[in-house]
Amino acid sequence: MNTTDSCKLHVADSDISQEVANRLTNGVRGGLNNAVARINAMTVKSHVEDVWNTLLKPIQLEPDAWLLLNIEKIRHGGFSGVGPLVDDTIQVMAKPVIVFGTEPPSAPAALPQLDTQPASTEFHVVADAPIEYNTLSKALASRLKGARFSYKDDHIRITNASIYGNGGNQLVIRIDFSGDVQGHVYFVGTPEMNVLTQTVHIGGIRYDSATEKLLLKKADWIYGSAFRDFISNEAVLGVGPAIDRLRGLFTAALNRSINPTISMHGTVSSVHGVGVFADVNALYVRAMSDGALNLKVLGTH
C-alpha cells in the first residue's frame with residue numbers, strides 16, 4: 001500500500017512585497033511622466049491672443065466716455081490655483097487714456113512676442129475732460145455778477161459774464177454792465193493751468209479789436225483804466241468738478257470685468273490737472289491719474 005505525499009506550498013524566490021512596490025513605483029512614475037508631458041504641452045498663446053484682441057477694443061465707461069488701453073507689450077505671469085480651476089495672470093504694458101465723444105476706432109494689431117521681464121503694476125492714465133462753455137459761463141457770472149468798478153466819478157456794475165471758444169486755443173470773455181455806461185465788452189485770452197491750485201487762469205487778456213475801437217470812441221475811461229486788469233484777476237475758473245468726475249471714471253474703469261474671463265482691479269492714488277486747452281466746442285482739462293492696476297484672466301484646463 002503506497003502512501004500519498006502531503007501537499008506542499010513553495011514560496012517564490014522573489015519577495016512579493018518588493019514586487020508590489022516596484023510595480024507601484026513604475027506606475028506612479030509613468031503617471032507623473034505623462035502628467036509632466038501634458039503640462040509641458042500646454043500653451044496659453046491662444047488664450048493670450050483672445051485677451052490681446054479684447055483689450056485692443058475701446059471700453060465704454062459712460063455713453064460718451066471710453067477707455068483706450070493702448071497696449072504696447074504683454075507678458076504671461078504664470079499659473080496658480082487649486083484643483084481643476086487655474087488662474088492665468090496676464091500683465092500688460094500700456095499707455096491708457098480716456099477719451100470723450102463717439103466711440104473711437106480700435107486699432108487691430110498682431111500679438112507681439114510675450115515679454116519675459118516682470119511688469120510693474122503702476123499706471124498713469126491721461127484724459128482730456130471737456131467742460132462746456134455754458135458751465136464755465138455760469139461759474140464766471142456767479143463770480144463777477146454785481147461787481148462794481150469805478151474810475152474817478154464814473155462807475156459801472158457788472159450784470160453778466162460769459163465765455164466762448166474762439167478756436168486756436170483762445171477764449172472770448174463777454175462782460176455786460178450797466179451804470180454811467182451801459183453795454184458790453186469782449187476780451188480775448190488764453191487758458192492756463194495752475195497745477196498748484198488746480199485752477200484755470202485766463203492769461204494775456206486783451207480787448208478784441210472791435211471793443212477797443214468802440215471804447216476809445218465812447219468810453220475811453222474804461223479802456224484807459226484798470227478794468228482789464230480787474231477782469232484778468234477775477235477770471236479764474238475752478239476745475240474741481242471735472243477732476244472729481246475723472247476720478248470716478250478712473251476708479252470705475254480700473255475695476256471692472258471686461259468679459260466673463262478678463263477682469264481689471266486697480267486703485268487710484270491721485271488725480272491732478274496737468275494742462276488745459278480750448279477749442280470752439282469746449283475747454284479741455286488734461287488730467288493725469290496715478291495708481292496701481294492688475295489684469296486677471298481666468299481659465300480652466
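Which residues is Ser 232 in contact with, leaving aside its neighbours within four places in sequence? I looked this up before anything else. The contacts are His 201, Ile 202 and Ile 205. Ser 232 itself lies in helix α6, residues 227-234. I then checked its cover. Its relative accessibility is 17%, and buried means under 20%, so Ser 232 counts as buried.

**Entry: what kind of model**

I note that this is a predicted model. The mean pLDDT of the protein chain is 79. I find that 72% of the residues reach 70 or more. Confidence is highest in strand β9 (residues 170-179), with a mean of 95. It is lowest in helix α1 (residues 16-41), where the mean is 52.

**Entry: the chain as a whole**

I listed 7 helices and 15 strands in the protein chain. Of its 301 residues, 35% are buried. The chain exposes about 17800 Å², and carbon and sulfur atoms supply 52% of that. I also looked at how far apart contacting residues are in sequence. Among contacts with a separation of 6 or more, 61% join residues 24 or more positions apart.

**Entry: the six-strand sheet**

I traced an open sheet of 6 strands. The order is β7-β8-β9-β10-β11-β12, and the pairing is antiparallel. Which strands stand at the edges? They are β7 (148-151) and β12 (236-238). Each has a single partner strand, so one side of each is left without a neighbour in the sheet. On average, neighbouring strands are turned by 40° against each other, direction ignored.

I followed β12 to its partner. Strand β11 (residues 199-207) pairs with β12 over 3 bridges, in the antiparallel sense. His 201 stands opposite Val 236 in β12. Helix α4 (residues 209-218) lies across β10 (183-194) and β11. It runs at about 55° to β11.

I checked two residues for positive phi. Lys 152 sits in the loop between β7 and β8 (154-167). Its phi is near 55°, a positive value in a residue other than glycine. With 72% relative accessibility, Lys 152 counts as exposed. Asn 169 lies in the loop between β8 and β9. Its phi is near 60°, again positive in a residue other than glycine. Asn 169 is partly exposed, with a relative accessible area of 27%.

**Entry: the core**

The largest nonpolar core has 64 residues. Ile 175 and Phe 227 have the most contacts inside it. Helix α7 (residues 240-253) gives the largest share of this core, 6 residues. I listed what Ile 175 touches, not counting residues up to four places away in sequence. Among them are Leu 144, Ile 158, Val 185, Phe 187 and Ile 231. Phe 227 is also one of them.

**Entry: a hairpin**

How many residues stand between β13 and β14 in their hairpin? I count 2 residues there. Strand β13 (residues 256-259) and strand β14 (residues 262-278) run antiparallel, joined by 3 bridges. Arg 256 stands opposite Met 264 in β14.

Technical notes:
Residues numbered from 1 in each chain as written. Predicted model: local features only at pLDDT ≥ 70, side-chain atom pairs only at ≥ 80, totals over all residues. Heavy atoms only, no water. Core = buried A, V, L, I, M, F, W, Y, C linked by side-chain atoms within 4.5 Å. Buried < 20%, exposed > 50% of the residue type's maximum accessible area, 1.4 Å probe, protein only. Helix = DSSP H or I, 4+ residues; strand = E, 2+ residues; numbered from the N terminus. Contact = heavy atoms within 4.5 Å. pLDDT = per-residue confidence, 0-100. Areas by Shrake-Rupley, 256 points an atom, 1.4 Å probe, with all protein chains shown as cover. Pairing = 2+ DSSP bridges. Axes fitted to C-alpha atoms, helices over the stretch in contact; angles between N-to-C directions.
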